[in-house]
Structure formats: structure tokens, C-alpha cells
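User: I have a new structure open and would like a short walk through it. Can we start with the terms?

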Amino acid sequence: MLGIKRLGLLAALVLVGVAPAVAAQAAAQPSTQDTQYLQALHQVNLFEITAGDLAQQKGQDQGVKDLGAMFKSDHTQLDQTVQQTASQLKVELPNEPSADQQAVLDKLNNASGEKFDREWVTAQLAGHVQAIQATQTEISQGSEQSVVQLAQTALPTLQTHYDELVALANKLGIPVPQTSASGTPSPGGTGTESPAPGGTGTESPAPGGTTESPAPGGGTTEVPAPSSS
């Protein structure tokens, strides 16, 4: 009996020691920065996949069609990692692009020919600038390592997309939004009037919204430009 009592006491002590650790683990949540970046990047991916389809269907210039195909493929792959990371961290993701992004998609749906190409490239330029800025902010300010690593993986892809867009814009004579040359943007910085995939609305968490967007890096585009490679 004494041995059984001692075992019971030992088990109780073990449980007492384990309980706080379990509670602490359960209480641990990704930061607001990490959560909003995952949600924002997911909405960017949803937007890019749809916009990529539109570029292939409606683009007049072959370069628009080709970039649309590349963007769709790259953002589909990227979003698989976003969803896996969000699932592990129990972060709920939106199931559709933001209202602002949807407004841009609607505008593209109503455009055709050269007008479509210009509007598509212009929206993509502004959106990729802001997506890059949001990603840079996550890398510098994120606290959850898996999300920071995701941002580090996403950045070269977003940068390549931006560089390809600049080259296509120059070929088609489409103005490239002016941006300054140095540093990473601070969240909430103000910027140019260039339309991002998030358009000009205020409540979308996706990079591409404007001043009240909860996306990491928030703000608009007159802040550090993605470096050209």
C-alpha cells in the first residue's frame, strides 16, 4: 500500500510540473504581426492566382500572358506553405481576396486588349511593391520563426516578379511607380497614389491596401523600392 501511495504522489507531482508547461504552450499564440502577415500573404496569393488566370485568358501581349502563368504557378506553390504554416499555428485564413482586391479583379474583367494589359501591369507593379514591403517588415519584425522563414522564402520570388514586371512595363511604355531607394518601410508609412491589388480601400489586411490596412508594412508605395536585380 505504501508503495502505491508513493507512486500516486509521484504521479501527482509530475502532473503538477507538466500542467503549467502545457498551459503555457496552449496560451502561446503567434503575434499580431505574424498573424496578419499570414492572412495578408494568403489574400495576395488568392488574388495573384485569379489575376494570373485573367492574364492568360485576356492578355493581348504575350509577355502579360507569360507573367500571368508564372505568377499563378509561383503563388499557388507559395500558398501551400502559407496554409501549412497557418494550420500549425492555428491561424484562420480568409477564404477570398479582400474587397479591394476583388474590385481590381472586377475592373480587369471589364477591360480588354491593350487596356487590359496596361491595367494588369500597373496593378501588379503596385501590389508587388507593397507585398515586398510587407514581407521585409515580417522578416525584421516577426517573432514566430516559421513565419519569418516563410517570408524569407517568399521575398526572392516576389522580387523576381517585380523585376519581370518592370521589364515588361518598360517594353510596353507603362509608367513604373516612383519609389525611394533605401531602407525598409516602416508600417503605416504613406506613399504614392498608385493602385495596388488591394485598390484604395481601408480595411483589407492584404498588402496592397492603404493607410488603415492591418497588413504588415501597411501604407502605400512611396517607400523603399524593391531592389532591381
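Analyst: Contact means heavy atoms within 4.5 Å. This is a predicted model, where local features need pLDDT of at least 70 and side-chain atom pairs count only at pLDDT 80 or more, while totals for chains, interfaces and linings use all residues. Residues are numbered from 1 along each chain as its sequence is written, and side-chain values use heavy atoms, with hydrogens and water left out.

User: Which residues is Lys58 in contact with?

Analyst: Leaving aside neighbours within four places in sequence, Lys58 is in contact with Leu108, Asn109, Asn110, Ala111, Gly113 and Phe116. A polar atom of the Lys58 side chain lies 3.2 Å from the backbone oxygen of Leu108. A polar contact is a pair of N or O atoms within 3.5 Å; within protein, one must be able to donate a hydrogen and the other to accept it, and residues adjacent in sequence count only if both atoms are side-chain atoms.

User: How far apart are the C-alpha atoms of Lys58 and Ser112?

Analyst: They are separated by 6.5 Å, and the two residues are 54 residues apart along the chain.

User: Where is Lys58 found?

Analyst: Lys58 is in helix α2. Helices (H or I, at least four residues) and strands (E, at least two) are DSSP runs, numbered from the N terminus.

User: How many helices and strands are there in the protein?

Analyst: Six helices and zero strands.

User: Back to Lys58: what is its relative accessible area?

Analyst: It is 23%, so Lys58 is partly exposed. Buried means under 20% relative accessible area, exposed over 50%, and partly exposed in between (1.4 Å probe, protein chains only). Of the 229 residues of the protein, 46% count as buried.

User: And His128, buried or exposed?

Analyst: His128 is buried, with a relative accessible area of 1%. It is found in helix α5, residues 113-141. Not counting residues up to four places away in sequence, His128 touches Glu48, Phe71, His75, Leu158, His161, Tyr162 and Leu165.

User: New topic. At what angle do α2 and α6 pack?

Analyst: About 40°, with the axes of α2 (residues 32-58) and α6 (residues 145-172) 10 Å apart. Axes are lines fitted to C-alpha atoms, for helices over the stretch in contact, and angles run from 0 to 180 degrees between N-to-C directions.

User: Which residues meet there, between α2 and α6?

Analyst: Asp34, Tyr37, Leu38 and Leu41 in α2 meet Val147, Leu150, Ala151 and Ala154 in α6.
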